Amino acid sequence: MRLLMIGRLNGELITASKIAMQRGATVTQADAVPQGLNVLRARGADLIMIDVSLPIRDLVTALEAERIRTPVVACGVSADAEAAVAAIRAGAKEYIPLPPDPEMIAAVLEAVTTDRAAFVWRDPSMERVVKLAEQVARSEASVLITGESGTGKEVLARHVHQKSNRAGKPFVSVNCAAIPEALLESELFGHEKGAFTGAVARRIGRFEEANGGTLLLDEISEMDVRLQSKLLRALQERVIDRVGGTAPVRVDIRVLATSNRNLVEEVRKGTFREDLFYRLNVVSLKLPPLRERPADILELAHHFARKYAAVNGVPVRPLSAEARALVLKNPWRGNVRELENTLHRAVLLASGEAIGSDAILSPEGEAFAAEGPAARAAQVAEAATRGLVGRTVAQVECDLILDTLDHCLGNRTHAAKILGISIRTLRNKLNEYVSAGLDVAEPGSIRASAACG
């Protein structure tokens with residue numbers, strides 16, 4: 001784990017640094033925010049600890065502007081409560097009082113290094129996938145992980161990394177669908193100062209940040225075909241070119257990739273390079289959807305109930321028999337992600353000694369139907385059909401897209417995944433709707449007006 005400490009080293013910060021190194025962290029020190037940003041551009045980091053007296057808001061703003069997603073933790077004397085509150089408001093994720101408590105520093109480091117999504121499975125269909133994943137983990141072969149959205153592709157990728165010979169090196173993930181096409185090349189390969197507007201300094205890309213370790217290209221099917229040729233060269237020759245650079249840079253990485261699309265079909269359509277597909281698809285791992293892993297459903301439900309009870313500081317409660325039956329009957333079209341969100345809500349809403357069926361609710365607060373999936377699907381289809389009569393296809397499509405965006409609180413990436421379209425297509429549609437004067441949800445919100453005409 002790579003820790004960057006920003007602030008002039010006094011006795012307390014030196015002690016915190018030593019504690020972090022005892023816990024296995026590699027520590028780099030910078031006196032001030034500008035020097036810290038230079039370290040991040042040149043080497044990257046997994047966690048930033050900054051003296052609370054320094055301009056934390058300036059650091060957080062600079063990280064956002066340069067799309068550096070490293071969490072920030074402030075630290076300072078324990079009596080300075082106002083500074084701690086100001087640091088959190090400025091964007092710090094946590095505050096560590098000084099002099100440092102070894103257990104608190106260890107907990108912060110563990111929170112960063114421990115996978116947020118634990119790898120939980122029990123179903124025989126998953127056992128076959130995991131066995132193959134562990135069999136190839138210690139090789140240097142590229143691995144392509146496919147499956148529906150929410151099935152746990154990134155979790156499996158992290159498991160492959162942890163079982164590999166590179167486990168002690170960085171695991172770097174980049175979501176190809178979440179980064180605009182114009183910026184993805186710089187994100188992957190880095191850039192030189194002045195390479196484009198906003199390139200205020202040289203910055204390494206994800207390939208260099210993952211040097212010695214593993215790079216995960218999440219949702220690679222969303223990558224523009226023109227950038228795929230540069231990626232292919234990097235995979236074949238282990239050499240990259242920074243944007244605006246004049247000299248190639250050698251990298252030593254193992255590449256994993258995920259996709260929720262059928263890449264064979266994408267190759268046939270010409271949206272994905274065939275040679276890149278075969279370069280990535282040395283080993284293929286296909287994750288079955290949760291509805292085909294019945295033994296995993298309750299195992300994961302119990303895991304999430306324990307996890308979110310601890311996160312929210314409430315007692316751990318078991319699922320009642322009625323709640324277990326309801327969980328098993330639901331089709332979980334959103335897979336593990338939907339199940340996790342449902343159990344998080346249930347932990348917060350449950351009362352009594354167990355989590356009852358009344359706490360198993362949809363995001364809209366509606367109770368899950370007790371009947372089987374087939375009957376429920378028939379009811380939904382009948383209601384939907386009645387609502388579609390007399391409307392144009394364009395109007396129905398507009399409602400579907402905007403309602404889905406509302407459901408995702410304006411998150412374009414999540415909405416695109418649910419709709420089964422690329423983020424690029426979604427943005428084009430939203431631009432059309434805005435031009436037509438329709439209200440489109442901004443990130444973190446829903447529409448004030450909900451009519452498509």
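Trainee: Let's start with the lining of the largest cavity: how many nonpolar, polar and charged residues does it have?

Mentor: Keep in mind that this is a predicted model. The lining residues are Cys 176, Ala 177, Ile 179, Pro 180, Glu 181, Glu 222, Ile 423, Arg 424 and Arg 427. Cys, Ala, Ile and Pro count as nonpolar, while Glu and Arg count as charged. Sorted that way, the lining comes to 5 nonpolar, no polar and 4 charged residues.

Trainee: And which helix gives the most to that lining?

Mentor: Look at the end of the residue list, where you'll find Ile 423, Arg 424 and Arg 427. Those numbers fall within residues 423-435, and the helix there contributes 3 residues, the most of any: α19.

Trainee: Now the backbone. Is Arg 238 buried, partly exposed or exposed?

Mentor: Arg 238 sits in the loop between α10 (225-237) and β9 (239-240). Its phi is positive, about 55°, even though it's no glycine. Buried needs under 20% and exposed over 50%. With a relative accessible area of 24%, Arg 238 is therefore partly exposed.

Trainee: What about Asn 335, buried or exposed?

Mentor: Asn 335 is another non-glycine with a positive phi, near 60°. This residue belongs to helix α15, residues 335-349. Its relative accessible area is 0%, so Asn 335 is buried.

Terms used: Residues are numbered from 1 along each chain as its sequence is written. This is a predicted model: local features need pLDDT of at least 70, side-chain atom pairs count only at pLDDT 80 or more; totals for chains, interfaces and linings use all residues. Side-chain values use heavy atoms; hydrogens and water are left out. On a 1 Å grid over the protein atoms alone, a cavity is a set of points where a 1.4 Å probe fits but cannot get out, and a pocket is an open set with protein on both sides within 12 Å along at least five of seven lines; lining residues have an atom within 4 Å of a point. Helices (H or I, at least four residues) and strands (E, at least two) are DSSP runs, numbered from the N terminus. Buried means under 20% relative accessible area, exposed over 50%, partly exposed in between (1.4 Å probe, protein chains only).
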